Amino acid sequence: MLFYDKLSDYPYGIDADYIDTETERFELQILQLTPENKRLIIENITDDLLFAYYTERENVSKKGAKADRGKMLAYYNALSSVITYICGKTDFVYTDAFIKNWERKTAGNYFPFGELMRTNWRAMATGNNPTAEPAPPQRKKPLKTFEDFIIIDNKAELIKKIKPIIQGAKAKKIAAIIRALIELRYILIDSGKYAELTRALNNCYSLKIDPRQTVRYISDLGIRKNNITDSDLNSMIDAIRL
């Protein structure tokens, strides 16, 4: 890869500073390109990172609890930086064909990136994102509950265990809980459903979290030093594991 290439050299993940440095180097490079070349390089780097992420995810799945997840999470964080930070800074939007191609490749697998790729991050950063809260249809479907997202048998036990952790939580902590639930495979969530899950958590635990803020933290948009770290995620996984 032209960028983030050293991720493959680190068997236990990599310091976040490296990803930040590469993201800034990437930004400087593509700002000098024509729109056509900019699209080509962003989609090529995204392809490479997605392939690497799912390769590592498969390795983790095969090794189970003994697996080191650092390398997989490093690729996840690099992807988030490209999809949110780079796209926001350069006003780039992925084509629907590109997104659907990866949705087909990962059919039946965890794919949180579709929603992120469809979000206008430049507009999101300015508080004017037309895709963040679309107008509801005239005939509303019944709202899903948190229990509807849970795919393990002991749903009541999981809901009870999360209760003391989630009380008083802000958007960042809610995002960490959602990512931990996904990593533990306690919930099933399709691309584009983070906001809906946040609303379900609000209803379940009497919270008032803005779903848009949760999406921002899940995707690591904004001030990167304040985002969810690997340590944050691992601690949350340990906290909610049954």
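Is arginine 185 buried, exposed or partly exposed, and why? Arginine 185 counts as partly exposed because its relative accessibility is 45%. Here buried means under 20% relative accessible area, exposed over 50%, and partly exposed in between, with a 1.4 Å probe and protein chains only.

The model is predicted; local features need pLDDT of at least 70, side-chain atom pairs count only at pLDDT 80 or more, and totals for chains, interfaces and linings use all residues. Residues are numbered from 1 along each chain as its sequence is written, and side-chain values use heavy atoms, with hydrogens and water left out.

Confidence is given as pLDDT, the predictor's score for each residue from 0 to 100. The protein averages 81. At least 70 is reached by 83% of the residues. Among the elements, helix H8 (residues 155-166) has the highest mean pLDDT, 95. Helix H6 (residues 121-125) has the lowest, 63. Over residues 130-139 the pLDDT is below 50. This stretch has 10 contacts in the model beyond near neighbours in sequence. A contact means heavy atoms within 4.5 Å. Where pLDDT is low, the predicted coordinates should not be read in detail. Helices (H or I, at least four residues) and strands (E, at least two) are DSSP runs, numbered from the N terminus.

Serine 206 lies in the loop between H10 and helix H11 (211-218). Serine 206 is exposed because its relative accessible area is 67%.

Threonine 106 sits in the loop between helix H4 (96-105) and helix H5 (113-118). Threonine 106 counts as buried because its relative accessibility is 7%. Residues up to four places away in sequence aside, threonine 106 touches Tyr54 and Phe111.

The count of cavities of 30 Å³ or more comes to 1. A cavity is a set of points, on a 1 Å grid over the protein atoms alone, where a 1.4 Å probe fits but cannot get out; lining residues have an atom within 4 Å of a point. Points are joined across faces, edges and corners, and a volume is the space filled by probe spheres set on them. The largest cavity has a volume of about 30 Å³. Leu143, Lys144, Glu196, Arg199, Ala200 and Asn203 line the largest cavity. By class, this lining has 2 nonpolar, 1 polar and 3 charged residues. Ala, Val, Leu, Ile, Met, Phe, Trp, Tyr, Cys and Pro count as nonpolar, Asp, Glu, Lys and Arg as charged, and the others, Gly among them, as polar.

Definitions and conventions:
On a 1 Å grid over the protein atoms alone, a cavity is a set of points where a 1.4 Å probe fits but cannot get out, and a pocket is an open set with protein on both sides within 12 Å along at least five of seven lines; lining residues have an atom within 4 Å of a point.
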